[in-house]
Amino acid sequence: MNDDRRRLIKQLGAVAGLSLGASYLTLAPPSWPLSLRDPDGERGKPRGKSLRLPENGFAVEPSDLLPHLGVARGDNVDAMLRAAVTAIGGVTRFIRNGDVVLIKPNVAFERSAPLGATSSPEVVSALVRLCREAGAAEVRVADNPIESPEACFLRSGVKKSAVEAGADVYLPSAADFKILETPGASLISRWPFFFRPFMGVTKVIGVAPVKDHNLCRASMTTKNWYGLLGGRRNQFHQDIHGIIADLALMMRPTLVVLDGTRVLYRSGPTGGSLSDVKAGRTLVASTDSLAADAFGWDELLERKGEPLPAYFAKAAQRGLGVPEWKTLRVKEEQVG
Amino acid sequence: MSEERPGIPPNSVRLPVISTRVRSNADGSPWWTRTFRITNIRVVSQLVFLSLFIFLLFVTWLSRLKGYPASLFLEMDPLVGFATALSTHTVYRWLWRGLLILIPTLILGRFFCNWICPYGTIHQFTGWLFNIRNNKTRIDKNRYRPLYQVKYYILLVFLVMAVFGSLQIGLLDPICLLVRTFTVTISPAFDAILVDLASRFAVPVSGLLWKPGVNDPRVFAGAWFVGLIIIALVGANLFIPRFFCRVICPLGAFLGVLSRFALWRIDRDVTKCTDCDLCLKGCEGASDPQGALRKSECFVCFNCIDDCPEDALRFRFNPLPSLSGKVSGTIKDGTAMLGTQPVISKNLALEVKGPDVPRRRWLFAGIAGILAFPFMRFSKDVNKRGFHHKAIRPPGSVAEPEFLERCIKCDQCINVCPTNVLQPAKLAVSGLEGLFTPVMDFSIGFCQLNCTLCSEVCPTGAIQKTSVEQKLGLGAYAEKGPIRLGTAFFNRGRCLPWAMETPCVVCEEVCPTTPKAIGTYDEEFTRWDGVTVTLNKPYMRPELCIGCGICQKECPVLDDAAVYVTAIGETRSDDRTLLLKGPKSG
């Protein structure tokens, strides 16, 4: 008898508990703890977390005295890089002890270095060494290529040179993208961004080759930031100049290096033949990517006299740089 | 036991007491002989080979390959070598490695099944973990059943088809099946879970990923089906232990046929055997060790020797095939003697050499195989009269009829492909004959210009080993020209510059040939809203297109790209050229 009563009480308890629990979860107002109630469907919608880069990007204090462009010509990449950076204030102006530095080369295509479609591995490794010597705690090299990331980094030689110089290479995986908010951007104000290598980063350096480009005419340090984005990048061609102007707004780097050791002067941006490449023997360092790119347009692509592609003016309008590089302080140097 | 068997003198051999305590065994051997038993060594071997198998699949990736023999298990699989020899009359590249299994099998029997085969290990482990452990159930489940003939029919059908030029062993060969399953389901599932964890907890996982350095999670057509097959086949162990190995496995059947010649086999001493059937408790192959051993079914797992309380079973070199004429007296009245020893067992048959398949049934299976070939080849998708336009094969592939003679559907090429473009073919593209063979889907990936990894790992030469120079038509191959996978076409009705007054030409930007196979007609254009835009309207230069498909992959008209590749113009077959060869007269 006792057992029967106990059994009945247990069963009643189970029925009552489950009914009350289910009723609470479904009927309690949304603000109550553990409530699942979603009267208008709003609570059930996915909420993507987005992130923002620092207010002023990664730029260092501007200087009224130092040259805006450091140009070094020669064959010894290491010495040229040092000369170009020294011209605009030296590496200590940009990298402090303990900095975590992200270097963004252009490794968009699976091409070997001599074909000029990617940042040259020697320049990348020279840059890594320079940052290391300046006391950087960590140097990272990252890009989100168009072709298979591993193959691009391997074929271009950038992975090997970066790792040997003491950098960590970050290849993108599906988990490495988050929405980046860029207030003021007209087209990419919210766009998937390759955020993983940026975690904890204090300085950002772009290093881009000088390339002809079928649509925007020239791909240099400003367009290089394209490789930090993910998502539906293949829509960018619908307004490529607007996109590049947005990229300049999105990323305010510490420093850009225009890698004019080789110039892909036609069939860009992929190239593929040595006959599309000529020796540029030049490196340009600047805090102003528009000025560096304009220099590249005139002097390296040798398109002086032709009007600059429209993205220069669009970005300059936003105060993101000065394409009229001849009005700026330029220090040119022949090395070796 | 002896009470139940009147007429037989009580067993003089005492059952040893199995003890778990550390002390000498009842027969006086030291305690460690219980631990270092051959069955334990076998388990170690199984784990080693399973790990090696998984490791080799793990390193089948650009940054990890470093000269590892990535397709070793497939090359060692003697059925792959034998069946491709039937279909192509050659033994490709590394397939001689099949001898590494074939010759020991001729000597030892089907040891592969229970010492090496990774799929067998998975089945055995599943059965061990999930099955009821009481002796009676286990003994009953391990008795031989006529159902186990089925694998021999499957084998014969496949081999007959191979003779005609249709290689189907890969559908069910355990190594092919398991490589395919890892490629298409297990590794992408593993990565998907890791990536999900990584994005939840913001931890870097790229070193652990099966396929690191890819920015989109890998996807595979028909993964559901491949996944369903493995779940069903592994799940079948709950009803019949080693279901796949005993009933279906064509490799096991092949090794079973070879086992008839084996010099060693499990031998039962009828003067010790009490017919207790405890040897069946752990018998993996259901090979009747308690009676006439079915040599072709025995996996050489040695569980029976381990389980025999009378020490009546041995793995013996050249044992007696039968006892006829060697036993005096009769079993019935208990006077049977073998030499000077009294015979205890009532079952004096010692071995069944070959598979338990009557000759007429072999004939049936042979006829089925003869008919199966034309049945399958009637499908337009694999027939000479009309290959499917989406059956775009990887670079270096031989022409379609030869491809079907060689491809074992192992999907190693798909495993190594860095861009995910290689996909297992669906029925709609390749018919049943080409099911799971590799085809390129350019809405998922593209064929990377300087990459020939698929040709490197292909064990059978369906994709012939191809150098980058060969693929691109450089150096010594300049005259021959590049390998073309197909030809790209524009659908102007969906193309943004052609149909929608919108600039685009991503296709031209990414086209990797030099000079580019995509040109543009450039036009200043005033749009409907008065804005002036420059439209670069793309067109194909078919002489230059190699069919790599990156244009299709990058086309922003995602769901049904405005530029798309079909197989016409592929260089692997003279029947499928598009352009008239030779200089144009203009």
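Colleague: Among contacts in chain B between residues at least 6 apart in sequence, what share joins residues at least 24 apart?
Modeller: That share is 73%. Keep in mind that this is a predicted model.
Colleague: Noted! How many helices and strands are there in chain B?
Modeller: Chain B has 23 helices and 13 strands. Its C-alpha atoms fill a box of roughly 110 × 55 × 40 Å along the principal axes, and 55% of its 586 residues are buried.
Colleague: Let's zoom in on a helix pair. At roughly what angle do the axes of helix 2 and helix 10 of chain B cross?
Modeller: Roughly 50°, with the axes coming within 11 Å. That angle makes helix 2 of chain B oblique to helix 10 of chain B.
Colleague: And which residues meet there, helix 2 of chain B against helix 10 of chain B?
Modeller: From helix 2 of chain B you have B:Phe53, B:Ile54 and B:Leu57, and they meet B:Ile175, B:Leu178, B:Val179 and B:Phe182 of helix 10 of chain B. By class, this contact has 7 nonpolar residues, with no polar and no charged ones.
Colleague: Nice. New topic: is B:Thr84 buried or exposed?
Modeller: B:Thr84 is buried, because its relative accessible area is 2%, and the cut-off for buried is under 20%. B:Thr84 sits in helix 4 of chain B, residues 78–88.
Colleague: What lies 3.1 Å from a polar atom of its side chain?
Modeller: The backbone oxygen of B:Gly81. Leaving out residues up to four places away in sequence, B:Thr84 also touches several others, including B:His89, B:Arg406 and B:Thr460.

Terms used
Residues are numbered from 1 along each chain as its sequence is written. Chains are lettered from A and ligands numbered from 1 in the order in which they are written. This is a predicted model: local features need pLDDT of at least 70, side-chain atom pairs count only at pLDDT 80 or more; totals for chains, interfaces and linings use all residues. Side-chain values use heavy atoms; hydrogens and water are left out. Axes are lines fitted to C-alpha atoms, for helices over the stretch in contact, and angles run from 0 to 180 degrees between N-to-C directions. Helices (H or I, at least four residues) and strands (E, at least two) are DSSP runs, numbered from the N terminus. Angles under 35 degrees count as roughly parallel, over 145 as roughly antiparallel, 65 to 115 as roughly perpendicular and the rest as oblique. Contact means heavy atoms within 4.5 Å. Ala, Val, Leu, Ile, Met, Phe, Trp, Tyr, Cys and Pro count as nonpolar, Asp, Glu, Lys and Arg as charged, and the others, Gly among them, as polar. Buried means under 20% relative accessible area, exposed over 50%, partly exposed in between (1.4 Å probe, protein chains only). A polar contact is a pair of N or O atoms within 3.5 Å; within protein, one must be able to donate a hydrogen and the other to accept it, and residues adjacent in sequence count only if both atoms are side-chain atoms.
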